[in-house]
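User: I am new to this structure and would like to learn how to read its features one at a time. Please give the general idea before each case.

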Amino acid sequence: MSATAKLRTEVLVIGGGSTGLGVVRDAAMRGFSTVLVDRGDLATGTTGRFHGLLHSGGRYVVKDPKAAEECIHENWILRKIAADCIEDTGGLFVTTPVDDPTYADTFADACRAVGIPVEEIPVSEALRREPRLNPGISRAFTVPDGSVDSWKTVWACARSAESYGARILPYHEVLRLIVEGGVMKGAIVVDHRSGEEVQIDADFVVNASGAWAGRIAAMAGCEVTVFPGKGIMVAMSHRLVDTVINRCAMPSDGDIIVPARAVSVIGTTDVKVADPDHWEITREEVQKMLDAGENLVPGFRSARALRVWGGVRPLYQEKAAGADTRDVTRAHALLNHRTRDGVERFVTITGGKFCTFRLMAEETMDAVCAELGIERPCRTADEPLPDSESRRYYWLGSRVAQREETLHTDQLICECEFVTRSDLETALRRRGTTSLDDIRRMVRLGMGPCQGGFCIFRATGIMHELQKTPVHVANRALLDFVQERWKGVQPILYGDQLRQTRLDEWIFQGILDVGHLPGDESRSAKPEKVTT
Amino acid sequence: MKSDAVVVGAGLSGLVAALRLAEGGLKTTLVAQGVGSTHLSPASIDVLGYTPELVESPAGALPAFRTEHPEHPYACLSLELIEESVAWFRERTEILGYTGSLEENLLVPTAAGVPAPTAIVPASMAAGDLRSGGHFAFVGLRAMKSFHPAYLAENLVQAKLPSGAAVEARAVLVSDPGVEPDVGALDYARAFEDPAFRRAVASELKVHLQPGESVGFPAVLGLDRHAEVRRELEDALERPVFEVPGLPPSVPGIRLFRALRAAFRRAGGRWVMGAMVVGASTSDGSVTSLSVRAAASRTSAYEGRWFVLATGGFASGALHLDSYGEVRETVFGLPVWGVPPVEEPRFLPGVFDDHPMAKAGLAVDERLRPLGPDGAAAFDNLFAAGAVLAGAEPWRERSGNGLALATGFAAASHILEDAS
């Protein structure tokens, strides 16, 4: 079948997570014409599904010093270029009663060896800073951990890349790679919103599809083994802690709480799964997280759990490994398919962590330049991302401050997350989507305590009015978003969040009776493209 | 403090039980943490709307429904009693002019544009009845973010009514100048009580209306002076005007709450708000008193001969599920029926699935007394009403306010029998 549309670019990037966006920005800033495609929206894979830790490197410093060194290196750079996406919470490593007390000295020595600023503080001082911490802790160390908003970072990279001429194409899934005579020539992709196939001719293809990298590489006949390592996170309402709290121990399940905006996120687990698209969150995993939280912050179980989610880490290892994915290195892997598999003009970048996405992109584009025999320096470490030019960190009150400015001129559509009508309309216009979930990732619609109980209906009405969305499409958007919100609360329904959910049911079923909306019964998985 | 009867909870079932007890001559105290379901709900009395097929006649559908759902609270109530409760309610809420009957459900539009079945509605919603179709204009107020008339109207015109009649509907927007950009339902309700405001709205609206169109507003047409507001709008617009209930807070629900509270006070009832029941004293199988902690004060004992537990379900905190999966009833620690074992799923992946725990609540005997662990009434003088009861799925069945009314009424009737 011949593709109906054609695009021509120098560098085609596959994968709209942090790595792909890092690569497309890097490529665009080096002066390449470049196109990025993703089968879904940006940052819907692993990037949008982690705990939001800006690593100091402390977590891996004993087990994987190389990864730790990369973390601290990139930590400093991200603080410089992505300040608007980062809250400078600082981090603590604390020895809890269940932890091996001898680890603390090993940890501190290892931090110093790779250049992570570490300072031991008295337990009394740690408890003064974080009064909810387990009073049974025996040691405490400060490190420059932080909290980072991956969606903001990814969208800022996209805007930056676009300003250098890049084209970012979400909802474009790769169907085939075009390899001729051992040379990569591009890809055939399908635009899920129009159903149209597009042929993208490229001088070079970068596979940055993370946990899905094996599937893309296989389309060029290259065998790449990526272990998807599932980790779950639970967001607790409120800031139970204001500093990133790590257990001072070898990485294990449930050993970190990250304060993120108005919530605290506890993570995580690490379970090897067969398929990065199909896995479940089990009751046992949730219970494990809650027990772990109780160990760090006594009373954790009686706090309100808002939502649970999981993500799959792309853990790359060239040779076969056992079941424990935690033993696989967190360092990234750059595979040159010319030397490795005999396919020219094609590289895969996988493994690694969100925090090192810029470095991964830099190394990738260095390799691309080398393969093309040209020299163009990387500039991504020096130029701040859009909205981060002032180099002021995001802070907890930022959105309240913004809202106060528009108090008498704008409507608040999502009270939990301070999303105004202008924010919503701007996002709708910018994206031209009928998926409220796409809008959520841009403006945080429906992400607060009520999980969309009030704003979903309002946003549907506004979308319908603004975009002249056919009413059956608007109905589907509403129902899909209600379901999407349910997905994340269903495994942790207890206590106050159950109360909230009953109220939301009351609104959707009792007051609005959305179960009897007219319209086509079939739900499309992909939102429609609209122009406003 | 001593009373004959103590009712816990100020949702619809608690209000109904308390009023009926006070009217029945008992010295009655109503204790509640705060306002309840009335402030959330549309104020229509939904007796039975879906089984899951659309119910055209609640009176016709109830006998079979009760046989098919022996665990349902309606199974404890006779049809006569349900009818009696509705008639009683209409008399007590005369000021709100409820219309309709158990013989045939009305179909009134929700804010999403679904024709929802309901047995009786306040006068303010009556002209929105869709059973025989009609022409409707829905009014959008600029600063009202929770009401989207174009969305409503476009859904409504697709309604497939049992009568086969067609609905024509469209949106009309008014600019209501001079108000802030973000105005809530209560503030709009107060604004409509200002004659100048409603006259301005009516005159802007009038030129856009077409002959034969009835006019649906968001349910914000006045709070205490609602009758006057609607009458004046109808006069000015020369056509029927009705309200469409929407997201909380519910102005029609607040009117209902106020009407029942006023009646309760007139009947000599004692009203204690901001007070939390933290425990109970029992003796020889009877409840003797409740420990009540009022806001910022010490705990005191509320003694009584009869008690009604109208505390609501999970939404109000009357039932609590903890992080280990244990469920408890929070005042008496009564056993909760309809809870699957801890290792089994309580909720399913699809939001509208048949969730295993959806019907959890207190099981009761035929006199609405909650059962203890042995399957017999836990206490001879404790009755339960409303959403705390097991066996119903109020939203899916569209039975919430009907159940609250009938069980609150029935609990009070059983107590009055005992008292006489």
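User: Why does R247(A) count as buried?

Analyst: This is a predicted model, in which local features need pLDDT of at least 70 and side-chain atom pairs count only at pLDDT 80 or more, while totals for chains, interfaces and linings use all residues. Residues are numbered from 1 along each chain as its sequence is written, and chains are lettered from A and ligands numbered from 1 in the order in which they are written. A residue is buried if 20 or more other C-beta atoms, placed from the backbone, lie within 10 Å of its own, exposed if 12 or fewer, and partly exposed in between. R247(A) has 24 C-beta neighbours inside 10 Å, so R247(A) counts as buried.

User: Which residues does R247(A) touch, not counting residues up to four places away in sequence?

Analyst: Contact is defined by C-beta atoms, placed from the backbone, lying within 7 Å. R247(A) touches V94(A), T96(A), D99(A), D255(A) and L296(A) on that count. R247(A) is found in strand β14 (residues 244-247) of chain A; strands (E, at least two residues) and helices (H or I, at least four) are DSSP runs, numbered from the N terminus.

User: How do I read the sides of a strand, and which residues of β4(B) point which way?

Analyst: In a regular strand the side chains alternate between the two faces of the sheet. In strand β4 (residues 106-109) of chain B, L106(B) and V108(B) point one way, L107(B) and P109(B) point the other way, and all are buried.

User: Which strand pairs with β4(B), and over how many bridges?

Analyst: Strands pair if DSSP finds at least two bridges between them. β4(B) pairs with strand β5 (residues 115-118) of chain B in the antiparallel sense, over 4 bridges. L107(B) stands opposite P117(B) in β5(B). The two strands form a hairpin with 5 residues between them, and G113(B) in the turn has a positive phi of about 85°.

User: What is the order of strands in the open sheet of 3 strands in chain B?

Analyst: The order is β12-β13-β14 (chain B), with antiparallel pairing. β12 (275-283) and β14 (299-303) of chain B stand at the edges with a single partner strand each, so one side of each is left without a neighbour in the sheet. Strand β13 (residues 286-294) of chain B pairs with β12(B) over 8 bridges and with β14(B) over 5 bridges. S283(B) has S286(B) in β13(B) as its bridge partner, and S289(B) has E303(B) in β14(B). The hairpin of β13(B) and β14(B) has 4 residues between the strands, and A296(B) there takes a positive phi near 55°.

User: At what angle do the axes of α3(B) and α11(B) cross?

Analyst: Two packed helices are described by the angle between their axes and the distance between the axes. Here the axes of α3 (residues 79-92) and α11 (residues 400-419) of chain B come within 9 Å and cross at roughly 95°. That makes α3(B) roughly perpendicular to α11(B). Angles of 65 to 115 degrees count as roughly perpendicular, under 35 as roughly parallel, over 145 as roughly antiparallel and the rest as oblique. Among the residues in this contact are W88(B) and F89(B) from α3(B) and F409(B) from α11(B).

User: How many residues of chain B are in contact with chain A?

Analyst: 38 residues of chain B are in contact with 41 residues of chain A. The largest share of the chain B side, 4 residues, comes from α5(B).

Conventions:
Contact = placed C-beta atoms within 7 Å. Axes fitted to C-alpha atoms, helices over the stretch in contact; angles between N-to-C directions.
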